[in-house]
Amino acid sequence: MIVDRADPEGAIAAAAVACSNWGRWGEDDVLGTVNYLDEAKRREAAALVRQGVSFSLSQRFEMGGPQKGWRRRTNPVHTMLDTGADAVLGHQGFPHGFGGADDVIAMPLQCSTQWDGLGHIFDHGKAWNGRAAEQVVTSDGDRVTGIEHMAAAVTGRGVLLDAGRHLGTDGELPDGFAITTEHLLAVIAAEDVVVGRGDIVLVRTGQLTRARRDGWGDYAGGAAPGLSFTTAQWLHDSEIAAIATDTWGFEVRPNEFEGAFQPLHQVAIPHIGLLIGEMWDLDALAEHCAADGVYEFLLTAAPIPVTGAVGSPVNPIAVK
């Protein structure tokens, strides 16, 4: 696919038609590509556990996170409701020396490691499966494809594509690097893995590694390596269940079109029905995979079933 930088509308419209999964799983579908992740795929994934070593793929949920307030996305605010001091000073009113601590957190659901739900992005007023956006997501939340529907489904075979290691310098891709289908296939070949139906693909760019070393900077919304718009057809044809990256926005930034904003999202979510993860921490897993040469594993990444949510925090666990 050749990108005409001056015509995002035309490119999005063409990709929407070529990559549409509307109706594929029936008019009432609420899972999109997660439908590819079936019982057989989960049995295959379970058989990959040989060492018993596990990795959390989540960033910390803390006030020192990357968010800068864009679209009211802030970092988590963690507040203690009861503390050790309350217990010691007798403020809790429990008998026989009993004391405890409680806390509360306030945060946007997409402020750290998270999934984009199927109600997150629209194309010209259409949500996943061709539904009218205003009838899907209202002030009550996503009344049709809320993230709660995926609470039990997102467990299967994970595959790490370490683009930073195989394509970059010192394990990192520079900001603005567009990962094409050819790049993805080259990484797949270098790792000697197979990617196909029902897989959960994790693409490491190394940008989070850089942010940890140099500071957050513009990690949240600024320039970043990421998937090229031209990968839309591969994302559709490969029949993967989900994909996640270590970046804020999944696709390359600045975007490849003049005056555009996240055009790959506009195809991938409402048309392909693809589950997209962002801000995943893939570094420790990547080190282990590079050391033993095994880039596939059991991955469980259940969203928190917040009824009607269009996204959800997640603590993904990879087990090798």
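Tutor: Here is a tour of the sheet, then a helix pair, then some loop residues and a strand residue.

Keep in mind that this is a predicted model. The sheet is open and has 9 strands, ordered E1-E15-E13-E7-E9-E11-E12-E4-E14, with mixed pairing. Strand E1 (54-56) and strand E14 (311-313) are the edge strands; each has a single partner strand, so one side of each is left without a neighbour in the sheet. From one strand to the next, the twist averages 25 degrees. As background, strands of a sheet pair through backbone hydrogen bonds, either parallel or antiparallel.

E12 covers residues 275-278, and both of its faces are covered. Leu275 and Gly277 are buried on one side, while Ile276 and Glu278 are buried on the other. What about the strands next to E12? Strand E4 (residues 114-116) runs antiparallel to E12, and 3 bridges join the two. In that pair, tryptophan 115 stands opposite glycine 277 of E12. E11 and E12, on the other hand, pair in the parallel sense, again over 3 bridges. There, isoleucine 243 has isoleucine 276 of E12 as its bridge partner.

Elsewhere in the sheet, strand E13 (residues 296-300) and strand E15 (residues 317-319) make an antiparallel pair over 3 bridges. Leucine 299 sits opposite alanine 318 in E15. A helix also packs on the sheet: H6 (residues 181-191) touches strand E7 (155-162) and strand E9 (200-204). The direction of H6 makes about 100 degrees with that of E7.

Next, the helix pair. In general, two packed helices are described by the angle between their axes and the distance between the axes. For helix H1 (residues 8-18) and helix H9 (residues 263-272), the angle is about 25 degrees and the axes are 10 Å apart. That makes H1 roughly parallel to H9, since the cut-off for that label is an angle under 35 degrees. The crossing of H1 and H9 is right-handed. On the H1 side, the contact involves Ile12, Ala15 and Ala16, which meet Pro263, Gln266, Val267 and His271 in H9. Sorted by class, the H1 contact with H9 has 5 nonpolar residues, 2 polar ones and no charged ones.

Between H9 and E12 there is a loop that holds glycine 273. Glycine 273 counts as buried, at 0% relative accessibility. Setting aside neighbours within four places in sequence, glycine 273 is in contact with Leu31, Gly32, Thr33, Leu118, Trp128 and Ala268. Valine 34 is 239 residues away from glycine 273 along the chain, yet the C-alpha atoms of the two are separated by 8.4 Å.

Now for some backbone geometry. Most residues other than glycine have a negative phi, and most peptide bonds are trans. Against that background, the peptide bond from arginine 253 to proline 254 is cis, with omega near 0 degrees. Proline 254 lies in the loop between strand E11 (242-245) and H9. Glutamine 262 is found in the loop between E11 and H9 as well, and its phi is positive, near 50 degrees. Glutamine 262 has a relative accessible area of 7%, which means it is buried. Glutamate 239 also has a positive phi, near 60 degrees. Its place is the loop between helix H8 (232-237) and E11. At a relative accessible area of 15%, glutamate 239 is buried, because the cut-off for buried is under 20%.

Last stop: histidine 78, in strand E2 (residues 77-82). With a relative accessible area of 43%, histidine 78 is partly exposed. Not counting residues up to four places away in sequence, histidine 78 touches Met63, Asp103 and Val104. The C-alpha atoms of histidine 78 and phenylalanine 61 are separated by 9.1 Å, with the two residues 17 apart along the chain.

How values were computed. Residues numbered from 1 in each chain as written. Predicted model: local features only at pLDDT ≥ 70, side-chain atom pairs only at ≥ 80, totals over all residues. Heavy atoms only, no water. Axes fitted to C-alpha atoms, helices over the stretch in contact; angles between N-to-C directions. Helix = DSSP H or I, 4+ residues; strand = E, 2+ residues; numbered from the N terminus. Parallel < 35°, antiparallel > 145°, perpendicular 65-115°, else oblique. Left-handed = near helix turned anticlockwise from the far one by under 90°. Contact = heavy atoms within 4.5 Å. Nonpolar A, V, L, I, M, F, W, Y, C, P; charged D, E, K, R; others polar. Pairing = 2+ DSSP bridges. Buried < 20%, exposed > 50% of the residue type's maximum accessible area, 1.4 Å probe, protein only.
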